[in-house]
Amino acid sequence: MNQTLFLTSWWVPFYGLIGAVLTLPWATGIVRRTGPRPAAYLNLLMTGVAFVHSLIVWKDIWNQEPQSLLFTWLKAADLDLSIAVELSPVSMGAAVLITGLSLLAQLYALGYMEKDWALARFFALIGFFEAALSGLALSDSLFLSYVLLELLTLSTYLLVGFWYAQPLVVTAARDAFLTKRVGDILLLMGVVTLSAMAGSLNFSELNQWAQTAELSPLTATLLGLALIAGPAGKCAQFPLHLWLDEAMEGPNPASVLRNSMVVAGGAYVLFKLQPILVLSPVALDALVILGTVTAIGASLVSLAQIDIKRALSHSTSAYMGLVFIAIGMEQGGVALVLLFTHAIAKALLFMSAGSVILTTHTQDLTEMGGLWSRMPATTTAYVVGAAGMVTLLPLGSFWAKLQWADGFWSSHPWIVAVLFLTNGLTTLNLTRVFRLVFWGEPQPKTRRAPEVGWQMAVPMVSLTITTLLVQLLLQQWQLLPNWADVNWSATMVLVLSSVLGLTIGSTIYLHKAWSRSIQLPWRFIQDLLGYDFYIDRLYRLTVVSAVNFMSRLSAWVDRYIVDGFVNLVGIATIISGQSLKYSSFGQSQLYLLTIILGVSLLGFLISWSFGLVDHWQLFWEAIRG
């Protein structure tokens with residue numbers, strides 16, 4: 001039985017795809033009498049099967065060596081496009097995490113989108129989403145990973161634009177799709193280059209090639225930067241980070257998966273490409289620079305947000321920045337642990353935020369308050385999720401960041417300072433959001449806010465318990481250091497960072513009607529952070545303006561030069577035809593004479609031009625002689 005499940009473990013991504021296909025009769029409106037809920041149940045069933053299947057296989061291969069399954073898709077001459085699947089504790093563990101979070105998010109969606117007329121279409125898209133994510137976890141091929149990343153981009157576009165009747169939603173979906181295209185084009189260039197250089201796109205073979213590859217510094221740098229560009233867009237790193245903020249216009253159950261797992265997909269591919277990136281010190285430095293700028297910048301921007309989902313989404317970009325730094329410093333194992341702990345805590349935070357949005361019918365933090373006594377389960381979920389995000393003992397994120405800081409404590413202390421600042425700002429922001437949402441006096445929209453139903457409460461409680469047990473999971477997997485080996489200096493620094501953020505966030509003055517400051521320096525800082533350092537305006541002044549100018553120039557050339565020439569030929573033909581009809585008198589010998597004269601004149605002009613060229617050549621040769 002277990003051997004059969006092991007050999008068919010590559011089917012795990014197809015369960016989500018089958019679930020998406022089964023929902024189509026309801027999503028397309030063919031079946032209407034039963035309502036859309038049977039489609040949701042079918043998709044939940046297939047996700048549950050995928051979770052159980054991947055969990056059994058993961059337990060069986062925990063202490064085994066990684067294995068690969070190879071499926072040849074296209075082989076002709078020198079072209080070999082094979083689909084390789086990796087079966088290892090890491091890949092199957094990622095599949096368990098993806099299917100488990102997808103199962104909880106879908107159950108959560110039953111309550112969140114209970115009255116939505118397009119519930120079946122949403123579950124179809126979620127099944128497609130889950131299939132691409134699970135396939136990315138098991139993929140051992142860069143070619144397959146690129147295809148699956150493109151499917152994730154398509155899924156993001158469709159889910160962000162789910163409520164397509166709203167103009168702002170359509171704009172957000174379009175911007176998210178186009179922003180990712182920039183990085184994907186560069187990544188495709190890197191994939192094609194690697195295919196030509198290494199002769200294979202399987203990660204295991206690429207790693208062997210990288211050990212003996214001899215590339216020029218320029219080639220290695222360009223290749224590394226191209227491979228970084230795609231994951232940078234997927235992980236919402238500077239300057240391709242604006243799409244994640246706009247993607248919050250989509251349904252919250254999709255935001256749960258997007259902020260916990262989808263952004264981690266790009267970092268997961270980057271982790272597998274680490275042996276190739278090592279060939280270029282410039283590429284590794286670029287990872288560190290991108291991660292540092294994004295981690296600090298996104299943490300600062302989150303402090304000025306008054307939309308609850310946007311305040312949480314910027315911290316996602318910040319934590320992916322820490323992952324980029326870890327990979328750039330060749331600490332891939334630390335990056336994986338950080339991705340795992342972040343995924344669980346961030347999913348719980350977004351479930352709590354979605355519950356608040358559903359009951360208050362607003363996302364504006366200034367319209368909330370006093371919910372802790374009215375929504376105890378949601379409040380507990382937020383507190384545990386926030387604690388799991390920062391370095392508070394004994395939760396899992398503390399141990400992940402302790403490993404992160406311990407690796408750079410002596411060699412690169414400035415990186416520890418980046419972690420200290422990012423963690424402190426994140427704690428400050430999460431405390432600020434807690435005070436505005438759950439603390440203080442109730443507002444008109446929160447006075448009668450009830451607790452959510454069981455469909456939403458069960459996933460939140462399950463993730464709350466899981467977040468509290470992450471430390472035990474890390475201990476069972478032997479990922480925690482012995483107490484004798486703990487770097488107590490780094491521990492104190494991390495704890496101090498969280499304590500400072502918690503203290504400042506608890507004591508700073510917050511007012512529901514806090515307007516812009518009348519003092520210009522503070523107003524400038526407020527606007528700078530609130531408008532995300534004006535990066536969108538900078539894009540409009542540079543990239544958008546350049547594209548607009550080129551489009552207008554191309555349209556002018558097409559209209560007045562290309563079309564103008566064609567229209568000129570047409571008008572000349574019409575005029576000549578109209579004039580010839582008045583000189584026609586039925587004498588065929590005169591027509592033949594006219595044709596002969598025209599052809600003779602044309603032949604004379606052609607021969608004369610060739611002779612003129614020969615004369616010029618003789619003339620220039622005489623001058624040179």
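Author: One term to begin with: helices (H or I, at least four residues) and strands (E, at least two) are DSSP runs, numbered from the N terminus. This is a predicted model, in which local features need pLDDT of at least 70, side-chain atom pairs count only at pLDDT 80 or more, and totals for chains, interfaces and linings use all residues. Residues are numbered from 1 along each chain as its sequence is written, and side-chain values use heavy atoms, with hydrogens and water left out.

Reader: OK. How many helices and strands does the chain have?

Author: There are 24 helices and two strands.

Reader: Where does G396 sit?

Author: G396 is in helix α18, residues 396-408.

Reader: Is G396 buried or exposed?

Author: Buried, because its relative accessibility is 3%. The cut-offs are under 20% relative accessible area for buried, over 50% for exposed, and partly exposed in between, with a 1.4 Å probe and protein chains only.

Reader: And what is G396 in contact with?

Author: Neighbours within four places in sequence aside, G396 has contacts with T341, V470, Q471 and L474. Contact means heavy atoms within 4.5 Å.

Reader: Which residues touch the most others in the largest nonpolar core?

Author: F122, L194, W404 and V437, out of 162 residues in that core. Helix α16 (residues 332-360) supplies the largest share, 18 residues. A nonpolar core is a set of buried Ala, Val, Leu, Ile, Met, Phe, Trp, Tyr and Cys residues joined through side-chain atoms within 4.5 Å.

Reader: What does L194 touch?

Author: Residues up to four places away aside, L194 touches L142, G199, S200, L201, L206, W209, L223, L227 and I276.

Reader: L206 and W209 are in α9, I see. Which residues of α9 are buried?

Author: In α9 (residues 203-212) they are F203, L206, W209 and A210. They are on the same side of α9, because they cover an arc of only 115 degrees around the axis. That arc is taken from the directions from the helix axis to the C-beta atoms.

Reader: Which residues are exposed on the other side of α9?

Author: Q208, Q211 and T212.

Reader: What covers the buried residues of α9?

Author: The cover includes α7 (142-160), α8 (167-198), α12 (252-272) and α13. Beyond four places in sequence, Q274 is in contact with I327, E330, Q331 and G332.

Reader: Where is the cis peptide bond?

Author: Between F238 and P239, with omega about 0 degrees. P239 is in the loop between α10 (217-234) and α11 (242-246).

Reader: Change of topic. How many salt bridges are there?

Author: Three in the whole structure. A salt bridge is a side-chain nitrogen of Lys or Arg within 4 Å of a carboxyl oxygen of Asp or Glu. One of them pairs K272 with E86, at 3.3 Å between the closest N and O atoms. K272 is in helix α12 and E86 in strand β2 (residues 79-87), so the pair ties together parts 186 residues apart in sequence. Both K272 and E86 are buried.

Reader: Which residue does D184 form a salt bridge with?

Author: K234, with the closest N and O atoms 2.5 Å apart. D184 is in helix α8 and K234 in helix α10, 50 residues apart. D184 is buried at 2% relative accessibility, and K234 is buried at 3%.

Reader: What does R310 pair with?

Author: D307, at 3.7 Å between the closest N and O atoms; both R310 and D307 are buried.
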